[in-house]
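Visitor: Please take one part of this model and go through its packing in detail. I would like the residues, the geometry and the cut-offs behind each term.

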Amino acid sequence: AIEIALMHRFDPRGVELTDHARQFRGLTLLELGSECLEARGYKVRGMSKNDRAQAMLCMRSDAMEHAQRSGGLMSTSDFSNILANVATKTLRAGYATAPQTFRSLVRVVTVPDFKPVSRVQLGEAPKLEKVREHGEFNRGKMGDGAEKYAVSTYGKIVGITRQVIINDDLDAFTRIPRAFGVAAANLESDLVWGEIIANAPMSDGKALFHADHGNLGAGVALTTDGVGSGREAMRNQKGLDGATLL
């Protein structure tokens with residue numbers, strides 16, 4: 001309910017308040033964290049704002065406090081999880097709204113690790129032949145090609161302090177992750193278009209755009225005739241078998 005209340009503050013039109021969330025709609029981050037503390041049995045009356053913010057981020061039960069003093073681990077803060085979930089949702093929203101013009105050119109796949117992956121490109125099916133009565137089906141073959149690539153990790157850390165909670169700066173948990181979502185989508189676009197613009201060599205040792213690949217056009221101005229000739233060349237592009245139009 002607290003997550004919904006925070007998301008409603010971030011996007012009133014896109015997130016509808018539930019009956020349970022309505023009771024939290026007007027509370028500040030510090031007040032929402034205090035609700036979590038009191039639900040865990042903490043007494044927040046008399047605590048300074050700074051102490052409350054610290055407790056909200058490091059919330060733990062008395063048993064966990066004893067475990068920590070004896071060398072055990074600290075439990076996870078409820079309020080930290082709430083803020084993390086809100087940040088994740090706004091990050092995804094930012095990623096989804098960023099335009100990516102390369103999507104129609106690619107196919108999204110999953111890889112198991114960071115090792116180089118060989119991706120096979122299948123050619124076109126061979127032309128079908130008529131089979132006469134009592135005749136046999138002839139065998140055909142399909143061309144193929146393979147390219148190798150590997151995935152990498154990209155990231156950045158932005159620190160959010162207790163002052164953000166005390167100042168009720170919800171933007172730090174919403175606008176900043178949303179901006180990171182946009183940045184992630186833009187990075188994907190830069191990586192894909194960077195490969196295309198770089199005209200990288202393929203597995204056959206030739207550049208992506210090469211006369212042998214049949215994908216080079218004449219260097220003409222962007223006139224009506226020039227664009228028309230480019231579209232004609234793309235319509236006449238052939239597959240790996242060198243015969244089938246794509």
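Guide: The buried residues of helix H1 pack against helix H2 (19-22), H3 and helix H6 (78-97). Helix H1 spans residues 2-10, and its buried residues are Ile2, Ala5, Leu6, Met7 and His8. Buried means under 20% relative accessible area, exposed over 50%, and partly exposed in between, with a 1.4 Å probe and protein chains only. Helices are DSSP runs of H or I with at least four residues, and strands are runs of E with at least two, numbered from the N terminus. The model is predicted, with local features needing pLDDT of at least 70 and side-chain atom pairs counting only at pLDDT 80 or more, while totals for chains, interfaces and linings use all residues. Residues are numbered from 1 along each chain as its sequence is written, and side-chain values use heavy atoms, with hydrogens and water left out.

The axes of H1 and H6 come within 10 Å and cross at roughly 40 degrees. H1 is therefore oblique to H6: under 35 degrees counts as roughly parallel, over 145 as roughly antiparallel, 65 to 115 as roughly perpendicular, and the rest as oblique. Axes are lines fitted to C-alpha atoms, for helices over the stretch in contact, and angles run from 0 to 180 degrees between N-to-C directions. The crossing of H1 and H6 is right-handed, the near helix being turned clockwise from the far one by less than a right angle. H1 contributes Ile2, Glu3, Leu6, Met7 and Phe10 to the contact, and H6 contributes Ile82, Leu83, Asn85, Val86, Lys89 and Thr90. Contact means heavy atoms within 4.5 Å. By class, this contact of H1 with H6 has seven nonpolar, two polar and two charged residues. Nonpolar covers Ala, Val, Leu, Ile, Met, Phe, Trp, Tyr, Cys and Pro; charged covers Asp, Glu, Lys and Arg; the others, Gly among them, are polar.

Not counting residues up to four places away in sequence, Thr90 touches Met7, Phe10, Phe173, Thr174, Pro177 and Arg178. A polar atom of the Thr90 side chain lies 2.9 Å from the backbone oxygen of Ala87.

H3 (residues 29-39), which the buried residues of H1 also pack against, in turn packs on helix H4 (residues 49-57) at an angle of about 60 degrees, with their axes 9 Å apart. H3 and H4 are therefore oblique to each other.

Technical notes: A polar contact is a pair of N or O atoms within 3.5 Å; within protein, one must be able to donate a hydrogen and the other to accept it, and residues adjacent in sequence count only if both atoms are side-chain atoms.
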